[in-house]
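Here is a short report for a first look at this structure. Keep the model open while you read.

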Amino acid sequence: MSNKDQLATQIVSTGRDKKYTKGIINPPVFRASTVVFNTMDEMRYAIKNKTNGEMFYGRRGTPTHFAFQQAISELEGGFGTALYPSGAGAISGALLSFLSQGDHLLMVDSVYEPTRDLCDKLLAGYGVETTYYDPLIGADISKLIRPNTKVIFLESPGSITMEIQDVPAICRIAKQHNIITMLDNTWASPINCRPFEMGIDISIQAATKYIVGHSDVMIGTATANETHWPRLREHSYLMGLTTSPDDVYLANRGLRTLGVRLAQHNKNALKVANWLANRPEVDHVRHPAFDTCPGHEFFERDFISGNGLFSFVLKQGNLASVTAFVEDMKHFKMGFSWGGFESLVLGYFGLDKIRTATHWDSSKPLIRLHIGLEDTDDLIADLEQAFARFNSKLNANTK
Ligand SMILES: *Cc1c(COP(=O)(O)O)cnc(C)c1O
């Protein structure tokens, strides 16, 4: 679905099967644990169709969940979608569904930090060995493959440092070796790239971010192709992973405006990023649409559009000057997560500590911005004052 007009229509109409909505435009909240049956035949039918959109028991989902699952499957371009209590839950749910003792996992070095912690603290204890790889490795991933390599995990762009991966090249190698590929596709959301057309087997979303879009719900999704869907669905179910229908209702509601919100976030972010690129204090901008972002050519080839999240690296700076930058901002608030309507800022030191396969020069501070839906003139004025505070602290320190 690269045609933008068709995509806009699909965002509005997907997952609205009357079987689930009963004709109500936004799928309503169906709460359930017990579902009662009048006859043994009815119960047998429900058991037989429990993974098929029939009500069976609350933990298998209700029409609220089914409608959302259908929408995400269609937008991602996969076969089936499992829902999780958070994005982190979707990542662990997907990995634990396919890895067992003695398996080897290839994990991208620029991965979201809690995913790295999952590998080092939990999977290691289960006897799963992780090797981290350079996000720009491409087809050379073949050199790291072992006979017991079971999963290659990708995240593109990478968290914080924003390297874009050559996803199709890695998937081609993985297919030759019968290795499962999983992609944390949160930055693209389900509409800005086509993971299954690139060869990915399982695409993961922290729906907490842009799908929900209002910073008020935690939810995750993992969408599988037809081959991997039965195991993903069943193993996630066995782990007892469910989501509240109220949260899913809000995710469904947020989804309908995803296209227009992302277009505005993208427009605003490009304006701010262009302004930053011309600042004397800035070493380079790590926005996938800029050629100063590693892997930019893969963004040009594989993505439909961008969003509001990017980083920039300063030529110099210390804790005091970066603190002066990020504190006391008027519109940019300090806080984790992203994807809501408000602008956010975070200053990073010590990124070298969460890199083991690649080198990161921590002498240059990195600042990550999420550009919200405010007026960009206000955001730029806010950043201008932040640079003034930054410079005065830096000069005071070097005297
Ligand atoms: C936020 C985030 C997650 C985790 O999502 P939660 O819903 O906060 O658990 C996973 N991956 C990426 C890339 C994220 O940005």
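How far apart along helix α3 are Arg44 and Asp41, counted in helical turns? About one helical turn separates the two, because they sit 3 residues apart in helix α3 (residues 40-48). This is a predicted model. In it, Arg44 and Asp41 form a salt bridge, with 3.0 Å between the closest N and O atoms. Side chains of opposite charge can pair when their charged atoms come close. The count of salt bridges in the model is 16.

Domain 1 contributes 42 residues to the contact, and domain 2 contributes 40 residues.

The size of an interface is often given as the accessible area lost when the parts come together. Here domain 1 and domain 2 bury about 3500 Å² between them. Carbon and sulfur atoms account for 64% of that area. Three residues stand out on the side of domain 1: Ile160, Trp187 and Tyr210. They supply 25% of the area that domain 1 buries against domain 2, more than any other three residues.

**Charged and polar links**

Between domain 1 and domain 2 the count is 2 salt bridges. Elsewhere in the list of pairs, Arg286 forms a salt bridge with Glu163. The two salt bridges named in this report are set out below.

| Salt bridge | Closest N and O atoms |
|---|---|
| Arg44 and Asp41 | 3.0 Å |
| Arg286 and Glu163 | 3.7 Å |

Polar contacts also cross the interface of domain 1 and domain 2: 23 residue pairs are found, both residues at pLDDT 80 or more. Which elements give two or more residues to the side of domain 1 that touches domain 2? They are α1 (4-13), α6 (113-123), β3 (129-133) and α9 (245-255). The residues on this side of domain 1 divide into 20 nonpolar, 13 polar and 9 charged.

**A mixed sheet**

Now turn to the strands. Five of them make an open sheet in the order β8-β9-β12-β11-β10, with mixed pairing. The edge strands are β8 (282-286) and β10 (333-334), each of which pairs on one side only. Further in, strand β9 (residues 309-314) and strand β12 (residues 366-370) run antiparallel and are joined by 5 bridges. Ser311 has Arg368 in β12 as its bridge partner.

Terms used: Residues are numbered from 1 along each chain as its sequence is written. This is a predicted model: local features need pLDDT of at least 70, side-chain atom pairs count only at pLDDT 80 or more; totals for chains, interfaces and linings use all residues. Side-chain values use heavy atoms; hydrogens and water are left out. Contact means heavy atoms within 4.5 Å. Buried area is the accessible area (1.4 Å probe) that two parts lose on being put together, summed over both. A salt bridge is a side-chain nitrogen of Lys or Arg within 4 Å of a carboxyl oxygen of Asp or Glu. A polar contact is a pair of N or O atoms within 3.5 Å; within protein, one must be able to donate a hydrogen and the other to accept it, and residues adjacent in sequence count only if both atoms are side-chain atoms. Helices (H or I, at least four residues) and strands (E, at least two) are DSSP runs, numbered from the N terminus. Ala, Val, Leu, Ile, Met, Phe, Trp, Tyr, Cys and Pro count as nonpolar, Asp, Glu, Lys and Arg as charged, and the others, Gly among them, as polar. Two strands pair if DSSP finds at least two bridges between them.
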